[in-house]
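Please open the structure in your viewer and keep the selection tool at hand.

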Amino acid sequence: MRKQSAGFLFILPWLIGLVLFTLAPMIAAVYISLTDWTIVGEANFIGFDNYTHLFQSEEFYKSLWVTVRYALLAIPLIIATSLAISVMLDKGHKGVGIFRVVYYMPAIVSGVAVAIVFKWILDPNFGLINSILTFFNIKGPDWLYDPDWVLPSYLIMAVWGAGGSILTYLAALKDIPQDLYGAAMIDGAGTLQKVRFITVPMMTPIIFYNLIIGIIGAFRKFTDAYVLGGAGKEGNFIMVYLYEQAFNHYNMGYATALAWVLFAIILTLTIIVNATKKYWVHT
Amino acid sequence: MSFVKSQKPNSLYISNEKIRFRKIAWYVSLIIGSFIMLLPFLWMISTSFKLEDDIFSIPIKWFPDKITLDNFKRAFEVVPILKYMSNTLFIAVGKIFGEVFISAMAAYGFSRFKFRGRNFLFMVLLATMMLPYEVTMIPTFIVWSNLGLTDNYTPLILPAYFGAASFIFFLRMYFETFPASYEEAAIIDGANYLQIFRKIFLPLSKPALITIALWAFMGTWNDLLGQLIYINSTEKLTIQLGLASFSSMTGEVFWGPLMAASLLALLPIIALLLYAQKYFVEGVKMTGVKG
């Protein structure tokens with residue numbers, strides 16, 4: 001009995017926090033999403049109006065499309081890049097520790113500073129990329145200032161920061177039994193075949209994990225998009241749209257409805273990806 | 001006659017030359033990759049020490065004729081960078097103790113005790129790790145704003161004192177590796193559970209605690225959205241907010257000072273990574289992500 005209550009006391013602060021900062025706000029969010037609240041003044045109950053407006057709003061579909069398109073391209077790119085880097089870094093030649101830090105560093109320095117650096121790198125006139133292209137007599141695009149080049153700009157940043165998951169891949173690579181490779185070699189498999197038929201299948205659980213994390217991350221992308229924006233609203237990711245609605249226009253009811261829709265999208269995608277698990281994830 | 005020639009090369013045998021070639025290829029490709037990874041940093045550093053004419057020169061002058069500290073001086077004139085950094089530091093330090101200590105307490109409760117509803121509550125905890133932050137963000141903001149506590153660090157710090165789900169999850173796994181004999185011996189010596197927690201569990205899990213303290217620090221240092229919602233006054237801005245407003249108010253021409261400020265904002269994080277590398281690596285290994 002004593003042992004029971006003691007354990008409960010240890011988790012009590014977390015439990016209080018759960019009620020105060022998660023459960024209560026979630027219940028409140030259901031109600032707020034059904035009102036026309038703008039912080040000042042009364043909140044009038046308006047039923048599902050916010051949701052109907054949302055699904056008729058072109059801006060919503062635009063930001064959803066920006067986000068989905070980014071997710072579809074960035075996630076596979078990030079997974080492929082970080083997997084390739086990890087396979088390289090798994091070899092224990094001298095100096096591998098330094099390489100590991102170098103590839104991991106872009107993932108750890110996130111935030112506004114990095115976004116600003118990329119804004120400068122992608123500057124159409126004097127930025128790093130276009131200066132290099134000029135050197136080869138190529139006229140570079142206007143990147144963030146050209147609606148067609150906003151997405152590639154974000155993809156460049158995404159690939160650069162892809163190292164975030166290499167530590168998880170490296171840990172998983174260590175767990176692959178080495179005799180599998182030995183057996184493959186006796187059967188005459190080349191390096192690429194070994195990667196294709198042993199490494200990748202054995203890594204599918206961790207790829208699956210990073211896929212889920214990647215989906216959540218894409219739908220919650222905020223900092224870069226807030227700082228960089230992009231011509232033609234092509235950088236208006238869904239979280240930026242939500243932030244603007246809530247804290248620039250004070251459409252609290254509408255923004256909360258949007259938050260629920262966003263949550264439903266993330267949840268649905270997670271469930272769908274989870275359902276495909278049995279077809280491709282090695283157990 | 002041609003016996004030796006016709007012998008098929010044994011696929012198990014790799015010649016020394018081939019090994020050496022592969023090793024060189026390994027180094028070359030990783031070095032090229034590293035260069036690409038480091039290029040944005042080099043570009044930032046190079047810009048922040050250049051005179052304006054050199055910043056806007058084509059072709060790029062990686063090593064300018066004259067190195068200048070002007071950009072740093074001008075950055076400091078426009079934004080009080082050190083003040084903003086210390087504001088962030090204040091929030092981070094304020095949070096870390098709560099996030100680490102309270103999370104460790106809850107992890108201890110979940111891992112070493114059997115009480116009613118424990119498994120259910122742990123499932124709830126896992127569910128909150130996928131928590132819809134965007135859903136709770138607005139109601140939480142409204143409550144703080146009704147309490148008159150916006151433009152204040154309280155909404156950023158106080159929630160940390162109720163623990164963080166991911167840290168609890170991480171530490172619980174760590175605590176479960178400790179053998180039961182540790183506590184049994186202490187109980188025979190007359191220690192109570194709080195003493196066991198403080199004198200045995202906390203000291204033994206120092207590496208794990210340092211790891212989550214690092215994560216908590218990085219999370220605060222790099223957070224923009226949370227701080228953007230709550231902080232407005234110029235003198236209360238954090239380093240992220242300060243940089244964001246610096247960037248939006250100066251537009252395109254101020255690249256030198258902007259890069260200088262960015263460099264200063266990134267230095268603490270890079271220093272931390274280099275200094276505490278093993279804790280980052282250990283942390284990921286610990287969470288282990290067993291497939």
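**First stop: a helix pair in chain B**

Select B:I239, B:L243, B:F246, B:S247 and B:T250 in α14(B), and then B:L258, B:A261, B:S262 and B:A265 in α15(B); these two groups meet each other. The model on display is a predicted one. By class, this contact of α14(B) with α15(B) comprises six nonpolar and three polar residues, with no charged residues.

Now extend the selection to the whole of both helices: α14 of chain B covers residues 239–250, and α15 of chain B covers residues 255–275. Their axes come within 11 Å and cross at roughly 170°. An angle over 145 degrees counts as roughly antiparallel, and α14(B) and α15(B) are therefore roughly antiparallel to each other.

**Second stop: chain A as a whole**

Next, select chain A, which has 283 residues. How many helices and strands does chain A have? There are 13 helices and zero strands, so that the pattern read along the sequence is α-α-α-α-α-α-α-α-α-α-α-α-α. Taken along the principal axes, the box filled by the C-alpha atoms of chain A is roughly 75 × 75 × 35 Å. Buried residues account for 39% of the chain. Consider also the contacts in chain A between residues at least 6 apart in sequence: 69% of these join residues at least 24 apart.

Within chain A, select helix α8 (residues 166–174) and helix α10 (residues 191–219). The axes of these helices are 9 Å apart, and the packing angle is about 160°. Given that angle, α8(A) and α10(A) are therefore roughly antiparallel to each other. The crossing in which α8(A) passes α10(A) is right-handed.

Which residues bring α8(A) and α10(A) together? On α8(A), select A:T168, A:Y169 and A:A172; on α10(A), select A:M203, A:I206 and A:N210, which they meet. Four residues of this contact are nonpolar and two are polar, while none is charged.

**Last stop: where the two chains meet**

Finally, display both chains together. Here 71 residues of chain A are in contact with 69 residues of chain B. Which helix gives the most to the side of chain A that touches chain B? Select residues 2–32 of chain A: this is helix α1, which gives the most, with 19 residues. Colouring the side of chain A that touches chain B by class shows 56 nonpolar, 13 polar and two charged residues.

How values were computed:
Residues are numbered from 1 along each chain as its sequence is written. Chains are lettered from A and ligands numbered from 1 in the order in which they are written. This is a predicted model: local features need pLDDT of at least 70, side-chain atom pairs count only at pLDDT 80 or more; totals for chains, interfaces and linings use all residues. Two residues are in contact if their C-beta atoms, placed from the backbone, lie within 7 Å. Helices (H or I, at least four residues) and strands (E, at least two) are DSSP runs, numbered from the N terminus. Ala, Val, Leu, Ile, Met, Phe, Trp, Tyr, Cys and Pro count as nonpolar, Asp, Glu, Lys and Arg as charged, and the others, Gly among them, as polar. Axes are lines fitted to C-alpha atoms, for helices over the stretch in contact, and angles run from 0 to 180 degrees between N-to-C directions. Angles under 35 degrees count as roughly parallel, over 145 as roughly antiparallel, 65 to 115 as roughly perpendicular and the rest as oblique. A residue is buried if 20 or more other C-beta atoms lie within 10 Å of its own, exposed if 12 or fewer, and partly exposed in between; C-beta atoms are placed from the backbone. A crossing is left-handed if the near helix is turned anticlockwise from the far one by less than a right angle, and right-handed if clockwise.
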